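Here are some notes for your reading of this entry.

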Amino acid sequence: MRILSITAQKPSSTGSGVYLTELVKELAVKGHEQAVVAGVYEKDEVELPEGVGFYPVYFAEDVQDEGFCEGEPDAGFGEVHADIPFPIAGMSDEMPYKSTRYCDMTPEMTGQFKEAFLKAVARAVKELLPDVVLCHHLYLLTALVREAFPELKVYGFCHNTDLRQMKKTDLERDFIREQIRRLDHIFVPQRAQEEGVKEIYGVPQGRITRVGMGFNRRIFHVTGERPSDGVTRIVFAGKIAEKKGVVSLMRSLCLLDVPGREVHMLLAGSTGNEEEFRLICELAEKAPVKVTFLGRLSQTELSRVYNECDVFVLPSFFEGIPLTVIEALACGDRAVMTDLPGIREWLLEAVPGADVLFVEMPEMRNADEPVASGLPEFERRLAKALSLSVCKGETRRADVSGISWEGIAERVIGTVAG
């Protein structure tokens with residue numbers, strides 16, 4: 001089968017990028033002929049299996065007015081060599097690289113986005129002659145592809161951030177909703193996204209399939225490298241940002257109740273908003289435990305860190321299916337995480353015996369923004385769960401054998417072929 005995968009973002013960063021890349025790898029193992037269209041910067045290195053065609057759409061990373069990236073659409077563009085003269089359009093408001101918010105895109109910018117991507121997709125379609133097109137994110141690019149290529153089978157993947165954009169952003173909302181309804185089929189991680197797709201896009205349940213999440217078991221597994229120095233290590237992995245709950249995490253460290261235990265907090269990931277990062281650093285300096293910022297890590301480096309740690313924490317206010325928690329559990333960590341919609345149910349089914357403590361969410365607005373008045377109590381709940389996990393001392397090993405990219409690839413191909 002000839003398969004074309006499409007994303008407006010980097011295929012090497014964020015959970016959805018990893019999802020696309022790992023799915024492409026599994027499909028390559030199964031012998032499918034493939035190509036990928038993705039938004040990147042010229043300096044980016046994209047790792048795809050040998051023989052997979054790549055059709056990049058180059059965004060401009062460097063512009064004259066740096067404030068443009070903070071949401072000022074009238075800022076002037078610099079002299080850049082790119083298909084699109086502004087930074088990559090990100091599905092999250094804070095991406096782990098320089099980005100443009102969809103809510104800040106002007107009609108001119110939207111036109112530039114449309115022209116560049118449809119040109120790249122048309123070239124890929126002409127050269128690959130795909131049997132099926134797999135578009136990641138139920139948003140603007142997927143809608144454009146559906147409209148422009150009515151003769152092709154076009155399938156969409158929901159990554160949850162697309163649902164958030166539809167709720168928060170007016171950009172082409174009616175057009176996007178109309179075209180997403182016309183997709184041949186939609187794949188979602190789990191039940192919460194299935195309900196969101198039915199509610200927001202009006203897609204009937206018969207055209208939605210839950211495929212779950214996978215992880216790279218060749219990289220993420222127990223290695224036996226956990227230090228025996230008496231220090232309990234807690235690790236967070238993801239964007240170092242307020243909406244990932246990192247500000248609240250830093251505040252919760254001051255509320256830990258772990259008498260006689262030495263704790264070390266490790267944060268792995270890139271920063272999104274510099275002002276938020278400065279606040280997080282200030283709070284880290286006030287914490288009664290050691291806090292270390294590791295920066296962005298490769299998957300191999302992240303596996304090593306998970307294996308050296310005891311507790312994984314994900315205090316995020318918004319997620320689809322968080323890949324990081326699966327990877328950490330596979331490396332033998334206990335986990336503390338917010339009780340995100342649908343995640344507890346999915347974990348109990350997919351990872352039986354997982355050693356996870358769930359923390360009740362604060363009151364939310366706009367899908368991913370906590371009400372400020374509820375944060376102090378949330379941070380106390382988070383500190384209590386972390387304290388319990390730290391003091392537990394031993395981890396109940398999780399059974400992650402039922403989760404794999406291979407399984408997802410099989411479900412996708414089964415649906416497409418059916």
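1. Two cavities of 30 Å³ or more are counted in this structure, which is a predicted model.

2. The largest cavity has a volume of about 50 Å³. Residues from several parts of the sequence line this cavity, including Ala-8, Gln-9, Met-91, Tyr-102, His-136 and His-137. Tyr-139, Leu-140, Leu-141 and Thr-142 also belong to the lining. Helix H3 (residues 140-148) contributes the most to this lining, with three residues. By class, the lining of the largest cavity holds six nonpolar residues, four polar ones and no charged ones.

3. The second largest cavity has a volume of about 30 Å³. Its lining consists of Glu-242, Val-247, Ser-248, Arg-251, Phe-317, Pro-370 and Leu-375. Here helix H7 (residues 246-253) supplies the largest share, three residues. Two charged residues occur in this lining, together with four nonpolar and one polar.

4. The protein has 13 helices and 17 strands. Its radius of gyration is 21 Å, close to the 22 Å given by the globule rule for 418 residues, so the protein is as compact as a globular protein of that length. Along the principal axes, the C-alpha atoms fill a box of roughly 65 × 50 × 40 Å.

5. How much of the protein is buried? Buried residues are 58% of the 418. Of the contacts with a separation of 6 or more, 71% are between residues 24 or more positions apart.

Technical notes:
Residues numbered from 1 in each chain as written. Predicted model: local features only at pLDDT ≥ 70, side-chain atom pairs only at ≥ 80, totals over all residues. Heavy atoms only, no water. 1 Å grid on protein atoms, 1.4 Å probe; cavity = no way out; pocket = protein on both sides within 12 Å on 5 of 7 lines; lining within 4 Å. Points joined across faces, edges and corners; volume = space filled by probe spheres on them. Helix = DSSP H or I, 4+ residues; strand = E, 2+ residues; numbered from the N terminus. Nonpolar A, V, L, I, M, F, W, Y, C, P; charged D, E, K, R; others polar. Rg over C-alpha atoms; globule rule 2.2 N^0.38 Å. Buried < 20%, exposed > 50% of the residue type's maximum accessible area, 1.4 Å probe, protein only. Contact = heavy atoms within 4.5 Å.
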